[in-house]
Number of protein chains: 2
Amino acid sequence: MAIDFTEESAADAVIESFHATPDPRLREVMISLTQHLHAFVRDIRPSTSEWQQTIDFLTATGQMCDDTRQEFILLSDVLGVSMLVEAINDRNTPAATAATVLGPFHVVESPPRELGDTIDLIGKGKPCVVTGCVLSQDGSPLPGALVDVWQANEEGFYDVQQPGVQPLGNGRGLFTTDEQGVFWFRTVVPSYYPIPTDGPVGRMLDRTGRHPNRPAHIHFIAGAAGHTPVTTHVFVAGSPYIESDAVFAVKKTLITDFAHIDDPQRAREFGVANPFAHAQVDIVLESVPGAL
Amino acid sequence: MAIDFTEESAADAVIESFHATPDPRLREVMISLTQHLHAFVRDIRPSTSEWQQTIDFLTATGQMCDDTRQEFILLSDVLGVSMLVEAINDRNTPAATAATVLGPFHVVESPPRELGDTIDLIGKGKPCVVTGCVLSQDGSPLPGALVDVWQANEEGFYDVQQPGVQPLGNGRGLFTTDEQGVFWFRTVVPSYYPIPTDGPVGRMLDRTGRHPNRPAHIHFIAGAAGHTPVTTHVFVAGSPYIESDAVFAVKKTLITDFAHIDDPQRAREFGVANPFAHAQVDIVLESVPGAL
């Protein structure tokens with residue numbers, strides 16, 4: 001009976017209202033939500049005006065979303081919840097490459113490319129060569145593995161953020177490892193960049209004295225038959241904000257040296273201008289138990 | 001340093017990111033939000049797909065909002081948070097009339113009316129007379145008090161929900177008490193009604209086996225010089241759903257007898273058809289300490 005609802009009885013009355021939820025998992029989630037949400041409200045004791053501001057913030061966050069902008073994912077990201085969900089779902093052994101967030105920019109399919117192709121369709125940044133190997137956890141190379149990569153350009157923007165400035169597909173490529181499990185491609189060294197700051201989440205970061213920046217990185221999704229795919233980043237060692245990523249996605253094992261190479265001979269071999277950066281990115285996948 | 005974020009260290013890393021928030025109240029709120037939100041996520045351990053569904057639900061809730069629809073308030077209402085915030089902010093002594101939620105339908109100004117006027121501009125429901133007195137907590141009547149009322153019609157709809165069917169202002173009136181602190185008006189007995197069910201909140205109620213109905217009520221805001229105004233409802237005793245209000249707003253002291261009167265003489269005196277309903281609604285306001 002939901003009558004004479006008081007501060008003390010409130011959560012119990014709402015929990016009781018969910019007792020007939022047919023799906024047990026949904027019932028469990030609604031009960032937990034009620035407990036934690038009410039505990040939060042009892043903790044902060046909002047004024048009526050503060051609660052209205054909360055309603056207004058959530059409304060504006062929903063209304064900022066469209067086909068290419070997901071402000072609630074951004075909110076989940078800057079509150080560390082996306083990485084927490086990632087950590088909860090990461091079942092990989094420590095030997096496998098660590099996972100991190102997908103991020104909001106994997107919004108178009110990466111164009112299939114040949115090994116050694118460049119994903120830089122513009123040619124303005126510092127040339128970069130990425131070489132690597134996809135391996136099983138026992139160290140054996142994985143031929144025919146798919147390596148999907150996407151990155152911001154040297155100014156910190158993804159192709160989808162700059163229609164008309166960058167061609168669609170710039171900074172993106174889908175590669176297949178050779179018989180030694182090897183992949184390689186040419187690109188430019190990505191820049192650190194701010195997450196979009198023109199919405200409610202950006203205003204929240206501003207009001208809380210937080211910067212909006214992510215350290216420079218290249219996104220990878222790698223998959224091979226009989227193995228669990230991994231969604232991850234490779235972070236550029238020494239990038240600004242490497243220790244204060246606005247979305248908390250950095251893991252130490254993902255920080256990679258983008259070595260400065262000044263060697264005309266090697267530049268010629270890779271087909272890039274000298275000097276250039278070189279990153280070696282080996283990706284270890286966990287085999288699925290029982291898979292052939 | 002927000003590196004190597006784990007399930008255990010996640011909340012602390014996010015809390016640390018808010019350490020430079022200039023406004024101490026905002027810092028307190030963000031820290032509490034982080035603690036409770038992370039505790040909720042650690043508790044339910046959502047799959048990636050479940051967290052995406054949560055993002056989608058919040059996005060759809062924001063996108064359902066417009067000038068006359070506030071789906072996030074509705075969500076706050078059905079999770080009992082609006083009433084919890086109300087309870088937290090209710091500083092009144094037990095002698096004063098209890099407050100309850102404002103609700104989403106006080107969206108236009110109530111038209112000023114004379115005592116005894118009808119707020120029913122249609123004339124189809126069961127006639128009803130509401131008489132009452134606005135009093136200070138010591139029992140003295142409050143002349144010149146403002147009494148703002150609004151209600152659904154006999155079919156459970158507010159004027160703003162039925163443009164073209166109900167004239168704007170139907171079911172609404174702003175009255176001023178006479179020298180004895182008395183007010184009265186004519187209307188129709190309101191019906192119970194469902195909160196809007198065509199959005200994400202309605203779907204959530206459906207999936208959790210909850211009905212969307214609110215017991216029949218009339219909204220009041222009463223205010224007088226030197227007194228704290230009160231926002232409340234008067235609930236129709238015996239209404240369906242009186243013990244399971246979808247938004248948890250019922251308080252026992254607010255349940256009021258809408259007596260069935262079959263008395264042609266009294267009907268004539270009130271200027272209504274016989275038989276009719278009669279509710280006596282006395283509203284007690286708390287005086288502001290130090291006010292004259």
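Entry 1. I began with a salt bridge and noted that Glu50(A) forms one with Arg25(B). In this predicted model, the closest N and O atoms of the pair are 2.7 Å apart. This distance counts as a salt bridge because the rule asks for a side-chain nitrogen of Lys or Arg within 4 Å of a carboxyl oxygen of Asp or Glu. I then looked up the total and found two salt bridges across the interface of chain A and chain B.

Entry 2. I next recorded the polar contacts, of which the interface has 24 residue pairs. Which elements of chain A give two or more residues to the side that touches chain B? I listed helices H1 (10–17), H2 (24–44), H3 (48–63), H4 (71–78), H5 (81–89) and H6 (200–207) of chain A. The largest share, 15 residues, comes from H2(A). By type, I found 39 nonpolar, 17 polar and 13 charged residues on this side of chain A.

Entry 3. I looked up the extent of the interface and found 69 residues of chain A in contact with 69 residues of chain B. The area buried between the chains is about 6,500 Å², and carbon and sulfur atoms give 66% of that area.

Entry 4. I turned to an open sheet of five strands in chain A, which has the order E3-E2-E7-E9-E10 and mixed pairing. Its edge strands are E3 (172–176) and E10 (255–256) of chain A, each of which pairs on one side only. I noted that E7 (217–223) and E9 (230–236) of chain A pair in the antiparallel sense over six bridges. Within this region, Ala222(A) stands opposite Val230(A) in E9(A).

Conventions: Residues numbered from 1 in each chain as written. Chains lettered and ligands numbered in written order. Predicted model: local features only at pLDDT ≥ 70, side-chain atom pairs only at ≥ 80, totals over all residues. Heavy atoms only, no water. Contact = heavy atoms within 4.5 Å. Buried area = accessible area lost by both parts, 1.4 Å probe. Polar contact = N/O pair within 3.5 Å; in protein donor to acceptor, adjacent residues only side chain to side chain. Helix = DSSP H or I, 4+ residues; strand = E, 2+ residues; numbered from the N terminus. Nonpolar A, V, L, I, M, F, W, Y, C, P; charged D, E, K, R; others polar. Pairing = 2+ DSSP bridges.
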